[in-house]
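Colleague: Before I read anything else about this entry, I would like to go through it with you. Could you take my questions one at a time?

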2 protein chains.
Amino acid sequence: MTSNNPPDHKAISALRIERPQNLRELVQDAMREAILDLRFAPGERLVERTLCAQLGVSRTVVREVLRFLEAEGLVEITPTGPAVTRIKPEEAEQIYEIRMLLEGMAAAACAEHATRADLKILKQAIDDLGTARDTGDARLSMKATARFYQHVFAVSQKTVAWKVVESLYVRINTLRAMTIRLSNRPTISVGEMKRIYAAIAAGDPEAARAAAVAHVQEASAAAQRTFAELEAAAAEDRPLTKENLS
Amino acid sequence: MTSNNPPDHKAISALRIERPQNLRELVQDAMREAILDLRFAPGERLVERTLCAQLGVSRTVVREVLRFLEAEGLVEITPTGPAVTRIKPEEAEQIYEIRMLLEGMAAAACAEHATRADLKILKQAIDDLGTARDTGDARLSMKATARFYQHVFAVSQKTVAWKVVESLYVRINTLRAMTIRLSNRPTISVGEMKRIYAAIAAGDPEAARAAAVAHVQEASAAAQRTFAELEAAAAEDRPLTKENLS
DNA sequence: CATGATAGTATGGTATACCATAATAGAACA
DNA sequence: TGTTCTATTATGGTATACCATACTATCATG
């Protein structure tokens, strides 16, 4: 019963063992999430030994993670040590500008290439976004949005651009979280996302691009409003910190 | 002789002490340069203890640097450990596509905002590029080019986009270095760079954008040729490694 | 009260030790 | 000769120790 056929590569892939995440990976995920959730405020010092105690790991792991987050732009090294990056208005504006270019490009390409199966996945993400919006669940809104865009970039085969956009997202996500805290105002417009989806479904690249750009423009305007509110608060001598954000 | 004037902030800034680079920073620079110079080939395993011996530092420093380079995309973690990232043709294509958008945008904005002093700096970089080209010095060519672009992005106040483009550059720089090795063919066209400069100097944003895009398109075509040559070499069962690249 | 000196503590930078797992080499066996 | 087993070495993951410097609190002095 010996067979001369080469091994079935699909069968071998199905047997592939998923390696458990090591401590470094776990801490990386935890730290990124904590920063995005504003559990560490922008500008807050990240003291290694304190993080060790909070996370229950050694300084080695903490330091390696800080290096990674530093390269990602979530953490900056100040003269007194690592701190959560503080995003400036000019930087945020630039980030939205780049997103307009890249998301517009991806939406247009997606409109050209999406299959029925793709549209189904995109629709599901939009529906999930609507549900999350109705229940006021900001975290789920963000996840549904990310899922939508991740798929748009995947369909249009622009994985590198997605990596770039994703890294820009994490840098402005603290700003979005602050917007929500300040105003209890959602930062994701379901209507705009629906317009992007509709243009993609209609196979209209230019409409998809325009809808994606308009959506980012609106997000940019919301961010400017947040900065204005932050400045007003600072001028009243009550800067917003981690404590008074909750 | 006591003065009631507040301290002169400019004078204080002039006294600011420049901190010496720590080991980690030094190793980071050294490793990045070594990767870009093809002293480590794409795909080559980066064994920590070997790097420690070569660099004369402890594993702590090496590991932290690897984390940073990993986040930058220069290093990937394989199941057997860290290795220099191997760039695929589809990725390179996407990188050039993003560069077209971002460099086009920056060139157009630079054409709108450049002062006489800016043009002088840009011209100097172009002249230096010409000199480096004439003397066949590829490293100086790359440096002059980087200086040109860094200033274009600075004038157009797109520092975030420059950070993105810079990180994309380091990922394709190994490809450029390979192109030079394979063909002794320069990858930077002085003529194209001059056209970008001329359009900026003429204050013509659309011409600047078009010239910048054309330049990236030419670089992309050169990269595809390099990949074709790498594939041909592999098909002849003589894959290009660090040894036979020199 | 302001300033300077001193001691103690906190913190980042770096090296080293320990451990688990993977990889390799060599020996034994069919 | 090919396969299996065992011992050894290599390697990454993680913790801990040590050191230099920065920061803070306290005390002494003018």
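What follows is a short exchange about a predicted model.

Colleague: Which secondary structure elements does chain A contain, and how many of each?

Modeller: From the N terminus on, chain A runs α-α-α-α-β-β-α-α-α-α-α-α. Counted by kind, the elements of chain A come to 10 helices and two strands.

Colleague: What percentage of the contacts in chain A, with a separation of 6 or more, is between residues 24 or more positions apart?

Modeller: Chain A has 246 residues, and 47% of them are buried. For contacts with a separation of 6 or more, the share from residues 24 or more positions apart is 71%.

Colleague: How many disulfides are there over all chains?

Modeller: Cys52(A) has a relative accessible area of 11%, which is under 20%, so Cys52(A) is buried. Cys110(A) is buried as well, at 0%. A search of the whole structure for disulfides gives a count of zero.

Colleague: How many salt bridges cross the interface of chain A and chain B?

Modeller: Side chains of opposite charge can pair when their charged atoms come close. One such pair is Glu97(A) with Lys158(B), at 2.8 Å from N to O. Over all chains the structure holds 37 salt bridges. Across the interface of chain A and chain B, the number is six.

Colleague: How many residues apart are Arg63(B) and Glu48(B)?

Modeller: Arg63(B) and Glu48(B) form a salt bridge, with the closest N and O atoms 2.6 Å apart. The pair links distant parts of the chain, since Arg63(B) is in helix H4 (residues 59-72) and Glu48(B) in helix H3 (residues 48-55) of chain B. Both belong to a network of salt bridges whose members include Arg24(A) and Glu64(A). Along chain B, the separation of Arg63(B) and Glu48(B) is 15 residues.

Colleague: Is Glu48(B) buried or exposed?

Modeller: Buried means under 20% relative accessible area. The value for Glu48(B) is 15%, so Glu48(B) counts as buried.

Colleague: Which helix holds both Lys123(B) and Asp127(B)?

Modeller: The side chains of Lys123(B) and Asp127(B) meet in a salt bridge at 3.1 Å, N to O. Lys123(B) is partly exposed at 35%, and Asp127(B) is partly exposed at 33%. The two are four residues apart, about one turn of the helix, and the helix is H6 (residues 116-134) of chain B.

Colleague: What is the distance between the closest N and O atoms of Arg225(B) and Glu218(B)?

Modeller: Arg225(B) is partly exposed, with 37% relative accessibility. Glu218(B) is partly exposed too, at 35%. They form a salt bridge, and the closest N and O atoms are apart by 3.6 Å.

Definitions and conventions: Residues are numbered from 1 along each chain as its sequence is written. Chains are lettered from A and ligands numbered from 1 in the order in which they are written. This is a predicted model: local features need pLDDT of at least 70, side-chain atom pairs count only at pLDDT 80 or more; totals for chains, interfaces and linings use all residues. Side-chain values use heavy atoms; hydrogens and water are left out. A disulfide is a pair of cysteine sulfur atoms within 2.5 Å. Buried means under 20% relative accessible area, exposed over 50%, partly exposed in between (1.4 Å probe, protein chains only). A salt bridge is a side-chain nitrogen of Lys or Arg within 4 Å of a carboxyl oxygen of Asp or Glu. Contact means heavy atoms within 4.5 Å.
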